Amino acid sequence: MARHRKKPRRLVADGRVYLWTLRHGHHVPEGGPATGCRQVLTLYPQPAGTGGPLRIVFADGPGRYVPGGFPMGSGDVGYVRGGSLNLHEPGAVRALLDAASARGLGPDERRAVEVDGWPLLEAVTATAAEDVGPSDP
């Protein structure tokens, strides 16, 4: 049976359980057309009440892509000339959570915390490049 796309997914990191969702949205100025695509990855510490949600926001901008679907995947975010992630992949979500935690951001806050995802994406893709290392001659 297929997973419902809006149902929160479960992630366990360092012994802590999270539910996470990914949403695509737009800024809609009063009386104007929708602009400003963004992907919002939200992690909810479990059980409820043990910490506030962490919202990692990827807003479109020059040199960045935040597509909402065709021809690219709905969860893809990245730089036109650089790193990218698919936010539907649990490994990408875990890497972003780890990068946020390393910066002191995260689930220990009692209130919702919203952070810019682009610096976290840079940290994650830089770490991945280091792990791969230079190619063999």
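Trp-118 is buried, since its relative accessible area is 1% and the cut-off for burial is under 20%. The model is a predicted one. Phe-58 also counts as buried, because its relative accessibility is 0%.

A search through the whole structure returns two aromatic pairs. One of them joins Phe-58 to Trp-118 in an edge-to-face arrangement, with 5.2 Å from centre to centre and 90° between the planes. This pair connects distant parts of the chain: Phe-58 lies in strand β4 (residues 54–59) and Trp-118 in helix α2 (residues 117–132), 60 residues apart.

## The aromatic cluster

Ring pairs join Tyr-79, Phe-58 and Trp-118 into a cluster.

## Helix α1

Helix α1 spans residues 90–102, 13 residues in total. From first C-alpha to last, α1 reaches 18 Å, close to the 18 Å expected at 1.5 Å a residue.

The buried residues of α1 are Ala-92, Val-93, Leu-96, Leu-97, Ala-99 and Ala-100. These residues lie on the same side of α1, because they cover an arc of only 165° around the axis. Gly-91 and Ala-102 are exposed and sit on the face of α1 turned away from its buried side.

Methods: Residues numbered from 1 in each chain as written. Predicted model: local features only at pLDDT ≥ 70, side-chain atom pairs only at ≥ 80, totals over all residues. Heavy atoms only, no water. Helix = DSSP H or I, 4+ residues; strand = E, 2+ residues; numbered from the N terminus. Expected span 1.5 Å × (residues − 1). Buried < 20%, exposed > 50% of the residue type's maximum accessible area, 1.4 Å probe, protein only. Arc of directions from axis to C-beta. Phe/Tyr/Trp six-rings, centres within 6.5 Å; stacked < 30°, edge-to-face > 60°.
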